[in-house]
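Colleague: I am new to reading protein models. Could we go through this one feature by feature?

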Amino acid sequence: MKTNTYENRLLLVLFLCFGFVFFDRLALSFLFPFIAKDLGLNNSHLGILSSILALMWALSGMTLGHVADKKESKKFILVISVITFTLCSALSGMVTTFISLLIFRAFMGVAEGPVLPISQSLLAAASTPKRRGLNMGLVNACAPGLIGTVLAPPVLIWIATEYGWRSAFYATVIPGLLISVLIMLLVKNQHTHESMATSHQPHLGGMENIKALIKKRNILLCILISCFYISWFITLITFTPTFLMQGRGFTPEVMGEIMGSLGFAWMIWGFVIPAASDHFGRKPMMILFTLIATACPMVILYADADVMFPMVFLTYTGLGCFTLFMATIPAETVSPSQVATALGLIMGIGELFGGFVTPIVAGFLADIYGLEIAIWIASGGSLIALMLSIFLSETAPVKQRKHSNSEREGLSVSP
């Protein structure tokens, strides 16, 4: 009972923590139509701002994720990260030039980078096997979906409309500081769980550890999938608000409703897909829902406003898959002492390509050919991720047990 109680408490705290990460990260996308008027920015600026945060997020996630694996306590790094990115978000409301905004977004990326690897490594170790996929999905997908894209658009747009976009950034201080206090009070310093001790590999140095991880097929595939799936996600979430207003002619209120639909889908599928993978396997769910996700950019490009809300909900399934390739599959592939390093590597390289390179390219191309090209780039990213998913190896404990039982039954009846 005590284990389950702490497991639930940890789940709640990390849910709030990572959800608020995306509240802050995505605030720029939702507020950009307001910011652009004041600072004279264009689509290229938006791409660069999104990319610099992703670049620093990637480098920080890979570096501090590996550092965290060497520490007995990961809580201190997590608390400092939350306080720092909260302050950087608030300071974004004080900027007067593109360069100053770029600097604050870069520092925010440094602070946010280690949050996911540390959170998921803590959660993977504290979770019971039958709930591991569900727990990791709630933090990895449901939390940012609910807090970052369901709650954030109406709240931020309302504040920006009534009080100005700067006040919307200032408002992020209070919840960020409250979450840091919750982490200090409720999260334990150390975690171990016997169900995670599936392998006993020696702890290697930095580059040796990374080389050993990349040699594992699932880790290499998850890195590649991350590159193209993050391209799908970042390009859509960065350019869709501006495309809906400038390209489709929707009002800020309608844009906010549609972005809220993206967040609602993110939240629901982020719960359903990892939970389903606990019963039906990681790989089948990854393939099925990535296939569905490839249709989402087409909905944004061509669907009428009156049907876009349900169509977006039905097709925006990719964020539920993020939990599988970015957290659950890697955590079930490597030893417990390598989880934060593996997750930081997958997230970091994926952010470098999909979060840093792709938005810059998409932004420049959008200024030349129109915002539609950015949405088409997102579609291509999910299609490549789908093809890579076919080569993953299954890691779900339920599927592995069934496979082992089948082998034993076959041996028992053989002559």
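Modeller: Start with a term: a salt bridge is a side-chain nitrogen of Lys or Arg within 4 Å of a carboxyl oxygen of Asp or Glu. Side chains of opposite charge can pair when their charged atoms come close. Here, Glu-332 forms such a bridge with Arg-282, with the closest N and O atoms 2.5 Å apart.

Colleague: Where do Glu-332 and Arg-282 lie?

Modeller: Helices (H or I, at least four residues) and strands (E, at least two) are DSSP runs, numbered from the N terminus. Glu-332 is in the loop between helix H15 (318-331) and helix H16 (339-369), and Arg-282 is in helix H12 (residues 282-293), so the pair ties together parts that are 50 residues apart in sequence. Salt bridges with shared partners join Asp-278, Arg-282 and Glu-332 into one network. In the bridge between Asp-278 and Arg-282, the closest N and O atoms are 2.7 Å apart.

Colleague: What should I know about the model before going on?

Modeller: It is a predicted model: local features need pLDDT of at least 70, side-chain atom pairs count only at pLDDT 80 or more, and totals for chains, interfaces and linings use all residues. Residues are numbered from 1 along each chain as its sequence is written, and side-chain values use heavy atoms, with hydrogens and water left out.

Colleague: Is Arg-282 buried or exposed?

Modeller: Buried means under 20% relative accessible area, exposed over 50%, and partly exposed in between (1.4 Å probe, protein chains only). Arg-282 counts as buried because its relative accessibility is 1%. Asp-278, at 6%, is buried, and so is Glu-332, at 13%. Of the 415 residues in the protein chain, 58% are buried.

Colleague: How many salt bridges are there in the whole structure?

Modeller: A search finds 4. One of them joins the side chains of Arg-131 and Glu-7 (3.4 Å, N to O). Arg-131 lies in the loop between helix H5 (115-126) and helix H6 (132-163), while Glu-7 lies in helix H1 (residues 2-39), so this pair ties together parts 124 residues apart in sequence. Glu-7 is buried, with a relative accessible area of 0%.

Colleague: How many helices and strands does the protein chain have?

Modeller: The protein chain has 18 helices and 0 strands. Among contacts between residues at least 6 apart in sequence, 87% join residues at least 24 apart.

Colleague: Which residues does Thr-238 contact, leaving aside its neighbours within four places in sequence?

Modeller: They are Ser-29, Leu-46 and Ser-50. Thr-238 is in helix H10 (residues 217-247) and is buried, at 2% relative accessible area. A polar contact is a pair of N or O atoms within 3.5 Å; within protein, one must be able to donate a hydrogen and the other to accept it, and residues adjacent in sequence count only if both atoms are side-chain atoms. The side chains of Thr-238 and Ser-50 are joined by one of 3.3 Å.

Colleague: What about the outside?

Modeller: Ile-174, in helix H8 (residues 173-186), is exposed, with a relative accessible area of 60%. Tyr-170, in helix H7 (residues 165-170), is partly exposed at 39%. The C-alpha atoms of Ile-174 and Ala-90 are separated by 9.9 Å, although these residues are 84 apart along the chain.

How values were computed. Contact means heavy atoms within 4.5 Å.
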